[in-house]
Amino acid sequence: MDYEKKDLQSMLLLIDKQHKDIRDSVEALYDACLNPDNKDLILELIYSLDKYVTEHFKNEEQLAEVTGFPHLEHLKKDHDYFKATYYRLRYHYTYYDEETRQYNHVYMFATHLAKTLEEWLDVHIRTLDKELIEYLKEKIF
Ligand SMILES: [Fe+2]
Ligand SMILES: [Fe+2]
């Protein structure tokens, strides 16, 4: 895939917007997890993060790959950590108990994982993603 400069520019804008949205969603998820009455909202927020785990990471990895970003493997590994944590949160929060035939919502676990994602994002965006963005900007200007 060959990116023109204007494509890179619009991809940078998209990534920036996605970062804002993903941060807001994870923060909202953490807040919602503090109150078990928010059962449906928590579920909604968990599922809304799915598109970031798939789309956003794919966008960044593709860009990193086609432009020769030197820390591509590190970026992918870091994304995989988020994905694994996210899927664990989703699994444990919506875990179906065959015996009782009920969904279990493990709030404590969800809170812990939501906080883990929040902290991970903060570090990831400030380090690896920032390096990628700076690298792409150099390619544009
Ligand atoms: Fe990233
Ligand atoms: Fe990112």
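Helices (H or I, at least four residues) and strands (E, at least two) are taken as DSSP runs and numbered from the N terminus. On this basis the chain has 5 helices and 2 strands, and from the N terminus on its elements follow the order α-α-α-α-β-β-α. The structure is a predicted model, in which local features need pLDDT of at least 70 and side-chain atom pairs count only at pLDDT 80 or more, whereas totals for chains, interfaces and linings use all residues. Residues are numbered from 1 along each chain as its sequence is written, while chains are lettered from A and ligands numbered from 1 in the order in which they are written.

Taken along the principal axes, the box filled by the C-alpha atoms of the chain is roughly 60 × 25 × 20 Å. Of the 141 residues in the chain, 20% are buried (20 or more other C-beta atoms within 10 Å of the residue's own, with C-beta atoms placed from the backbone). Contacts are assigned where the C-beta atoms of two residues, placed from the backbone, lie within 7 Å; among those between residues at least 6 apart in sequence, 70% join residues at least 24 apart.

A nonpolar core is defined as a set of buried Ala, Val, Leu, Ile, Met, Phe, Trp, Tyr and Cys residues joined through C-beta atoms within 7 Å. The largest such core has 19 residues, and those with the most contacts inside it are Leu29, Cys33, Ile42, Ile46, Leu89, Ala110 and Ala114. Two or more residues are given to this core by each of α1, α2, α4 and α5, with the largest share, 6 residues, coming from α1. Apart from this core lies another, of 6 residues, including Ala64, Phe69, Leu132 and Leu136. When residues up to four places away in sequence are not counted, Cys33 touches Ile42, Tyr107, Ala110, Thr111 and Ala114.

Helix α5 (residues 107–140) has a kink of about 40° centred on His124, the bend at a residue being the angle between axes fitted to the seven residues ending there and the seven starting there. The buried residues of α5, among them Ala110, Leu113 and Asp129, pack against α1 (5–33), α2 (39–48), α3 (50–67) and α4 (72–93).

The axes of α4 and α5 come within 10 Å and cross at roughly 165°, where axes are lines fitted to C-alpha atoms, for helices over the stretch in contact, and angles run from 0 to 180 degrees between N-to-C directions. These two helices, α4 and α5, are therefore roughly antiparallel to each other (an angle over 145 degrees). The contact involves residues including Tyr81, Thr85 and Leu89 of α4 and Leu113, Leu117 and His124 of α5.

How values were computed. Buried ≥ 20, exposed ≤ 12 C-beta atoms within 10 Å, placed from the backbone. Parallel < 35°, antiparallel > 145°, perpendicular 65-115°, else oblique.
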